[in-house]
Amino acid sequence: MLDQVSWIRRRDFHVLTVGLDTYTTDDRFEAVHVEKNNDWTLKIKFAQLWDEGLYECQVSSDPKISLFVNLSIVVAKASILGPHPLFLKTGSSINLTCVITQSPEPPVFVFWYHDDRMINYDSSRGEITMYKSSEDSTTSRLFIKDATAEDSGNYTCCPSNTQATSIPVYVLNGTYGERPAAIQHDANISTSSSSSPNFSFLLFLLLTAIVSR
């Protein structure tokens, strides 16, 4: 008789899978195995915070073999760097930097909005770039040259894998009432706003054990 491979959630000692059979009503859990391969994978779709913890891959050999895997759920966060709100003088450039952290996989997309209008494809005076800035963070930049009063408003960075974050931008003529000192002439100043943690998780997490027969 061939050895059976089981996945057990140690928090409550719930046997999740035995072989390719699933023993839970939670259909997010699935055992994956390729024939003639010693890899057995526990797939958890749409992982949630409560899925964190210790999991055991158990082989019904004699003696029994167990491999323990600790699962941590990553919560991505987005923020716009720099002063908040942002005041600029007419003719300056708007340069906003949105950083998505605690994200092992980069977002599929990052949309930018000016008030309610998406501006990703409005390339007449600006551009948007996105790049992976470190192992678990991605940066998206919005650049608009020759800002006018019409460019004032709320700018929102909206990544696919976490909650959006926004910043108000004011483009002034340099004599704005009591706030002239707040006007910034430097085109390279970035803006910021902090977003609260968003419970948007990786689409699925894989726990893989290599079983030696």
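This is a predicted model: local features need pLDDT of at least 70, side-chain atom pairs count only at pLDDT 80 or more; totals for chains, interfaces and linings use all residues.

Me: Where do Cys98 and Cys157 sit in the chain?
Reply: Cys98 is in strand 10 and Cys157 is in strand 15, which covers residues 153-159. They are 59 residues apart, and the pair links distant parts of the chain.

Me: Which hand does the disulfide of Cys98 and Cys157 have?
Reply: The torsion about the S-S bond is about -80 degrees, so the disulfide is left-handed.

Me: Is Cys98 buried or exposed? And what about Cys157, buried or exposed?
Reply: Cys98 is buried, at 0% relative accessible area. Cys157 is buried too, and its value is also 0%.

Me: How many disulfides does the count come to?
Reply: One disulfide.

Me: Which side chains of strand 8 point to which face?
Reply: Strand 8 runs over residues 77-80, and its side chains alternate. Ala78 and Ile80 point to one face and are buried.

Me: OK, changing topic. What's the order of the strands in the open sheet?
Reply: There are five strands in it, ordered 9-16-15-11-12, and the pairing is mixed. Strand 9 (86-89) and strand 12 (117-118) stand at the edges. Each of those has a single partner strand, so one side of each is left without a neighbour in the sheet.

Me: How many bridges between strand 11 and strand 12?
Reply: Two, and the pairing is antiparallel; strand 11 covers residues 110-114. One detail there is that His114 has Arg117, in strand 12, as its bridge partner.

Me: Let's do charges. How many salt bridges does a search of the whole structure find?
Reply: Four. One of them is between Arg10 and Glu56, where the closest N and O atoms are 2.9 Å apart. That pair links distant parts of the chain, 46 residues apart: Arg10 is in the loop between strand 1 (5-9) and strand 2 (14-18), while Glu56 is in strand 6.

Me: Are those two buried or exposed?
Reply: Arg10 is partly exposed at 29% relative accessible area, whereas Glu56 is buried at 3%.

Me: What does Arg28 pair with?
Reply: The Arg28 side chain meets that of Asp26 in a salt bridge, at 3.0 Å from N to O. Arg28 also forms a salt bridge with Asp51, and there the closest N and O atoms are 2.8 Å apart. Asp51 lies in the loop between strand 5 (39-45) and strand 6, and Arg28 in the loop between strand 3 (21-22) and strand 4 (29-33), so this pair ties together parts that are 23 residues apart in sequence. Through shared partners, salt bridges join Asp26, Arg28 and Asp51 into one network.

Me: Last one: where is Ser61 found?
Reply: Ser61 is in the loop between strand 6 (53-59) and strand 7 (65-71). A polar atom of the Ser61 side chain lies 2.6 Å from the backbone oxygen of Pro63.

Me: Why does Ser61 count as buried?
Reply: Ser61 has a relative accessible area of 19%, and buried means under 20%, so Ser61 falls in that class.

Notes
Residues are numbered from 1 along each chain as its sequence is written. Side-chain values use heavy atoms; hydrogens and water are left out. Buried means under 20% relative accessible area, exposed over 50%, partly exposed in between (1.4 Å probe, protein chains only). Helices (H or I, at least four residues) and strands (E, at least two) are DSSP runs, numbered from the N terminus. Two strands pair if DSSP finds at least two bridges between them. A disulfide is a pair of cysteine sulfur atoms within 2.5 Å. A polar contact is a pair of N or O atoms within 3.5 Å; within protein, one must be able to donate a hydrogen and the other to accept it, and residues adjacent in sequence count only if both atoms are side-chain atoms.
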